[in-house]
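Morning, everyone. I'll take the ligand site, then the pocket, then the cavities.

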Amino acid sequence: MEKIKRDIPNLVPYSGKYVDPPEGDYVKYVGPGVVQVPDKVVIGYIEGDGIGPEVAYAAIKVANAAVEKAYGKSKKVIWYEIVVGEKAEKLFGNRLPDQSVEVLKKIRVFLKAPLETPVGGGFRSINVTLRQLFDLYANIRPVKYFPGLPSPIKRPEVVDLVIFRENTEDVYAGIEWPYNSAEAAKLREFLRKEFGINIRDDAGIGIKPISKFGTQRIARLALKFAVENKRRVVTVMHKGNIQKYTEGAFKEWAFEVARNEFRNYVVFEDELAQYGGKVPEGKVLVNDRIADNMLQQLLTRTGEYDVILAPNLNGDYVSDEAAGLVGGLGVAPGLDVGDWGMMAEPVHGTAPKYRGKNYVNPTATILALELLFRFLGWREAANLILRGVETAYREGYFTGDLARQMDEEERRQRVKEILGTQEFADKVVEFIKKS
Ligand code: NAP
């Protein structure tokens, strides 16, 4: 890893003390969600645990190549290491030290490779803490098919989704009590007395808050993204037929934003009759689908979906289903966005059994940086990354996780070479340079 790091330009690894990088400026927020990106921009990175460093440096190599190809010497990224996770535990005795949080607060825009979280006890999830710290309310997950990827559906080429998952509310807010707790007993009693609602004495209780504020800020982001990136459809996914005042309200509040703030750019499904059943040129169709139906339609009518806006739990289910359509976790990126910060990350975790083996697929992390560049307005670099990855797969270069999903015949037809993590990234760099 040290050798790989040495060969990456513009890297400022942690060297025992946080000092401002020798050149470059941080991304500046001039208003909620409005960024000014300097030509020499400092972006933070957290190496992560397990396979984290392997995928982080592979992705940084690709991102550097894309920026250089797109802008020559006129723009560059200075990658500034922030120590969090296992490495921080060793250095500071704390997985999320105050010093690192202070630097993150200055930088606000960063890559986070996966961090370990123990199941059922131990320390709190740093991933969740970071999202809360910066109020990163939107978890954005693009799911795109690249020709050559293994897929369980017949026409995977139609898969090009961007999922906007609300990140702060819903049952994920963590408001729940075990069945035998004093709090659950008190709540059951309150509901019995005040509302005449009888809940069994052995029932645990969870609360599902969904607010107008929380819904409308992510709806705004999804609609803005759809309009700016000339997407076809925004579908609000919900279970509002059953949970009327949470999921149903989510749909109503999202539609309200579309109607009041994007009227000139959108058309609603019930207006299509006026246009002969077709979406008028240049408009984004806004519709809604009930969650259960939608999960199966994503398999049977895949091409009808484009941008998906969902509350937290639905968003979680639909993103994993969607990732499964195009090769799985190895190719699933994410970006957490708030009004004052952004965190790019792969969807997958630290895959501890592959640590140090140079086996895993870096695509998820590479595409997380692609998305980050897109949100920073560096579209040319983002497009080059996409094309580089696409070419690598089209030309038959795969990592083991993908090759493994193909049968023998598919492997014979599609695979030229099975590459390790760093070699796959180098191949993408090669294609970016050649493009
Ligand atoms: P995981 O690390 O995502 O790994 C599960 C499996 O997914 C791996 O064993 C491997 O499958 C496959 N996989 C994951 N990343 C891959 C990649 N880049 N390329 C190819 N295959 C990949 O999930 P986990 O084992 O449940 O969690 C391990 C640790 O990560 C836990 O501490 C968990 O809390 C943490 N985690 C962190 C984050 C985050 O930082 N955002 C997210 C999820 C989990 P095969 O075994 O089939 O090869």
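First, a term: a polar contact here is a pair of N or O atoms within 3.5 Å. With that in hand, take Arg404. A polar side-chain atom of Arg404 sits 3.0 Å from an oxygen atom of the ligand. Keep in mind that this is a predicted model.

Two further contacts belong beside that one. Tyr354 places a polar side-chain atom 2.5 Å from a ligand oxygen atom. Ala351 uses its backbone: an N or O atom there lies 2.7 Å from an oxygen atom of the ligand. How much of the ligand does the protein cover? On its own the ligand has 880 Å² of accessible area, and the protein covers 70% of that.

Now the shell. The ligand is surrounded by 21 residues. The closest are Thr117, Gly349, Ala351, Lys353 and Tyr354. By class, the shell holds eight nonpolar, seven polar and six charged residues.

On to the largest pocket. Its space comes to about 750 Å³. The lining has 30 residues, and Ser125, Asn127, Val128, Arg131 and Arg165 lie nearest the centre. Which elements supply at least two lining residues each? They are helix H5 (126–133), strand E8 (138–144), helix H10 (312–325) and strand E17 (342–346). H5 has the largest share, four residues. The lining divides into nine nonpolar, 12 polar and nine charged residues. Domain 1 (1–137 + 330–435) and domain 2 (152–169 + 210–325) each give the pocket lining at least three residues.

Next, the cavities. Two have a volume of 30 Å³ or more. The largest cavity holds about 40 Å³ of space. Its lining is Arg141, Pro142, Val143, Ser319, Asp320, Ala323, Leu329, Ala332, Pro333 and Val347. E8 and H10 are the elements that give two or more of these residues. Seven lining residues are nonpolar, one is polar and two are charged. Where does this largest cavity lie? Domain 1 and domain 2 both contribute to its lining, so the cavity lies between them.

The second largest cavity also has a stated volume of about 40 Å³. Ala219, Leu223, Val234, Val236, Ala254, Phe255, Ala258, Val286 and Leu309 line it. Helix H7 (212–228), strand E12 (233–238) and helix H8 (244–261) each give two or more residues to that lining. H8 gives the most, with three. By class, the lining of this second largest cavity has nine nonpolar residues, no polar ones and no charged ones.

That's my tour. Over to you.

Notes
Residues are numbered from 1 along each chain as its sequence is written. This is a predicted model: local features need pLDDT of at least 70, side-chain atom pairs count only at pLDDT 80 or more; totals for chains, interfaces and linings use all residues. Side-chain values use heavy atoms; hydrogens and water are left out. A residue is near a molecule or strand if one of its heavy atoms lies within 4 Å of it. A polar contact is a pair of N or O atoms within 3.5 Å; within protein, one must be able to donate a hydrogen and the other to accept it, and residues adjacent in sequence count only if both atoms are side-chain atoms. Accessible areas come from the Shrake-Rupley method with a 1.4 Å probe; for residues, only the protein chains shown count as cover. Ala, Val, Leu, Ile, Met, Phe, Trp, Tyr, Cys and Pro count as nonpolar, Asp, Glu, Lys and Arg as charged, and the others, Gly among them, as polar. On a 1 Å grid over the protein atoms alone, a cavity is a set of points where a 1.4 Å probe fits but cannot get out, and a pocket is an open set with protein on both sides within 12 Å along at least five of seven lines; lining residues have an atom within 4 Å of a point. Grid points are joined across faces, edges and corners, and a volume is the space filled by probe spheres set on the points. Domain bounds come from an automatic or database domain assignment.
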